[in-house]
Amino acid sequence: MATIPPVAFSVPPPLPPGWTEHISPTGQPYYYNAQTGESTYVRPLPAFPIIPQATAAVPATAAPPSTAKKPKKEKPVVKTPIPGTEWLRVITNEGNTFYTHTGRKQSVWTVPEEIKEAVEQLEREEALKKAKEAEEVARRAEEERAKESERTKAEAREKAAKRKAEEVVPVDEIVVSKKAKVDAEEEDEDEDAEGEDEAEGEESEEEEWQREAAAQLAREAEDEKLRQEEEKKRKEEEARKLKEAEKQKGAPQINMPERVDLSIDEAKALFKTLLREKNVNPLHPWDTSLPLFVSDPRYVLLPSVSARREAFDEYCRERARELRESKVKVEKETLDPRQEFERLLKEEVKSTRTSWTEWRRQWKKDRRFYGWGRDDREREKRFREYLKELGEQKRAAALKAEKDFFALLKESGLAKPGAVWKEIKKDLVSDPRYDAVGSSSLREELFNTFIKAGASDAATNTPAGDNAVSQQSRETPVEDEDERERRRKERTERAVREREEKVRAERSKVEAAIDRSKLGLTKEEGELDFRTLLTDAIRDPQVTWETVLPQLQKDPRFVNSPLPPNQQLHLFHAHVTALRAKHLANLHALFASHAPALNTPFTALPVASLLSSLPVTKLGYDVEQLEREYDRWQRERWTEARAAFDQMLSENSFVEFWGRLGKMEGKAVNVSIKNEDLGDDEDEEQVDMKALAKNVDLKEMIKVLKNDKRYLVFDHVPEQREQWLRDYLSQLSAPTLSVHVPEK
């Protein structure tokens with residue numbers, strides 16, 4: 001039998017009990033329930049058992065997740081050839097059935113039309129075979145039960161015989177059987193009455209046991225008869241249901257749903273309508289949402305599962321976008337943008353030192369921030385106004401706290417001249433007006449101010465008292481108590497005003513310093529934002545400030561920039577210069593790739609390719625400008641190569657040593673080397689180093705230098721290169737002697 005290729009389709013779930021699969025006249029499979037009379041095109045899903053948590057937790061704890069077995073892959077198990085065709089009916093290990101053609105290598109779930117009759121004939125034969133096998137199994141079961149009944153009866157008889165034979169009899173007694181009793185009666189009719197009584201007792205016991213065995217056998221027979229009757233009734237019920245199902249199957253009154261031919265777009269639209277009617281959550285995956293709509297006939301309008309999933313994904317995207325837009329719309333309708341912005345200011349701005357730049361950077365993506373105002377300028381204006389209001393509120397709160405603190409000192413009666421603050425504050429710390437003044441140093445300062453005001457009141461009241469006595473002596477009226485209280489209040493208010501002016505002056509100094517620091521920080525941030533604006537908006541090195549200014553004025557970063565115009569212009573020129581330098585560097589890299597030698601002419605370059613390259617296009621060069629740039633670049637290369645050549649000569653110790661040695665005069669150095677050092681005869685003869693230096697000519701030095709890249713780059717001008725070497729040697733000076741030369 002030919003090997004069946006692997007099935008390239010997803011395996012459907014098995015049908016629930018009572019459901020059967022059939023094919024409509026149009027070839028569409030449908031499903032029928034013989035018990036309920038229901039038919040549908042949608043494949044019913046089985047009811048999966050729900051495992052209780054208590055029982056499900058046991059295997060989870062017994063075996064770790066790593067050792068859990070993976071589900072087995074569905075494979076063919078039973079392959080049945082269909083007579084007279086090349087088709088095979090294959091049953092998988094999951095109980096599913098499909099049909100495969102051995103020649104065309106084709107597999108389908110439904111029964112093809114060409115083998116429909118053959119499959120029905122095969123199913124009828126298999127049904128008859130199964131019925132015969134069931135009858136044979138039932139017959140064998142009946143035989144087995146009969147044999148088991150006979151065996152039980154035989155065992156009962158054997159047990160009765162053994163029981164009678166194994167009865168224990170005393171040694172001094174005589175075991176007398178029934179036959180023996182008859183013989184004894186014949187031989188001796190005069191046996192005593194005691195022997196007759198014993199025989200009668202044994203007979204009664206045996207008869208009683210036989211009655212019990214007979215009753216037990218009767219009960220077993222009755223139970224077997226009842227079981228056979230129940231089995232017969234069950235078979236009759238199954239046969240009746242099968243006949244009813246066949247009648248209903250052949251009846252023409254089954255109400256099958258009609259199949260509607262729709263285009264893919266129409267089917268997809270109906271499928272999306274189904275999802276909307278079921279109110280499928282767009283955030284739930286396919287597997288979770290499938291049970292909500294799988295039983296609807298519109299589910300099968302699309303031809304494949306992949307098409308349904310694609311339509312489901314489109315629905316999820318569209319539905320999620322609609323929900324977001326509706327949420328934003330509701331928020332816009334229900335919330336006042338101005339109130340939301342004010343609420344954001346009240347919740348997040350707690351200090352008058354808050355910087356607008358930092359606060360904007362933190363909340364610029366919040367809907368409450370960008371939902372109100374035409375632009376950042378209007379929002380910043382409201383922010384500044386709120387800072388002023390917040391400052392006024394804090395100042396008013398500070399003044400109220402100071403007045404309440406003075407009232408506390410007055411009510412306590414402890415603030416007297418000569419009192420110490422450290423001792424008095426222990427009695428005041430429990431009052432809320434004490435904590436309202438936030439700084440301990442400010443409390444002490446207010447206490448001292450209050451003491452000074454009280455001392456001035458006493459000093460003023462003393463001469464007033466003397467005058468009152470003198471006036472009283474001259475019979476003048478006494479000063480009224482209300483007038484003294486009024487003057488005392490005036491002095492207290494004057495002291496408070498002086499204190500307020502002092503605090504206001506100190507705060508103005510602090511705020512001025514904060515504003516100066518904010519200005520520097522704002523300028524630095526503004527420069528950074530302006531550089532970012534130039535990087536985003538300007539990428540052409542040929543633009544000018546006048547041409548690009550209208551474009552920049554549309555960007556809020558330019559409008560809200562704190563930089564002056566001259567600094568903006570300076571940053572613009574620096575940015576354009578950097579762009580031009582970057583493109584020139586790329587152009588020089590192209591020159592280097594096409595002209596590796598210093599003597600490469602401009603005509604040897606692929607000019608047409610260079611003109612269409614990105615650097616030349618960005619720089620806007622024509623042929624003449626490109627040639628001028630190439631000549632300038634070659635001059636720069638020549639200068640750099642010439643400097644590298646001189647550095648090579650200065651680094652070469654061979655050239656320097658013999659060049660300097662050739663400049664020496666006289667024989668002062670002749671004694672420095674002897675023949676024994678040179679490996680000649682043992683006679684100590686002096687060697688003239690100057691003569692050796694003359695033997696090291698220019699060719700020897702060239703042999704040393706010819707492998708250096710800095711030397712080879714000037715191969716096209718050998719005469720000039722040799723002249724440079726001669727000039728270098730001529731500039732060398734003779735070495736200074738450091739060897740002691742003995743006198744002759």
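## Confidence of the predicted model

The protein averages a pLDDT of 76, and 75% of the residues score at least 70, where pLDDT is the predictor's confidence in each residue, from 0 to 100. This is a predicted model, in which local features need pLDDT of at least 70 and side-chain atom pairs count only at pLDDT 80 or more, while totals for chains, interfaces and linings use all residues. Residues are numbered from 1 along each chain as its sequence is written, and side-chain values use heavy atoms, with hydrogens and water left out.

Two stretches call for caution. Over residues 462-478 pLDDT stays under 50, and the model has three contacts (heavy atoms within 4.5 Å) for them beyond four places in sequence; over residues 666-684 pLDDT also stays under 50, and here the model has 29 contacts beyond four places in sequence.

## Overall make-up

The secondary structure comes to 27 helices and seven strands, which are DSSP runs numbered from the N terminus (helices H or I, at least four residues; strands E, at least two). Of the 744 residues in the protein, 25% are buried, meaning under 20% relative accessible area with a 1.4 Å probe, protein chains only. Among contacts with a separation of 6 or more, 61% are accounted for by residues 24 or more positions apart.

## Nonpolar cores

A nonpolar core is a set of buried Ala, Val, Leu, Ile, Met, Phe, Trp, Tyr and Cys residues joined through side-chain atoms within 4.5 Å. The largest has 19 residues, of which Phe645, Leu649, Val655, Leu705, Phe714 and Leu729 touch the most other members. Helices α21 (623-651), α22 (653-661), α25 (698-705) and α27 (718-731) each supply at least two residues of this core. Leaving aside residues up to four places away in sequence, Leu705 touches Met648, Leu649, Asn652, Val655, Tyr711 and Leu725. A second, separate core of 17 residues includes Val280, Trp286, Tyr299 and Ala307.

## Helix α8 and its neighbour α9

The buried residues of α8 are Glu340, Phe341, Glu342, Leu344 and Leu345, and they pack against α9 (356-363), α10 (367-370) and α11 (376-412).

Helix α9 contains Thr357, which counts as buried because its relative accessibility is 18%. Not counting residues up to four places away in sequence, Thr357 touches Thr522 and Glu525. The side chains of Thr357 and Glu525 are joined by a polar contact of 3.4 Å, that is, a pair of N or O atoms within 3.5 Å, of which, within protein, one must be able to donate a hydrogen and the other to accept it, with residues adjacent in sequence counting only if both atoms are side-chain atoms.

Terms used: Buried < 20%, exposed > 50% of the residue type's maximum accessible area, 1.4 Å probe, protein only.
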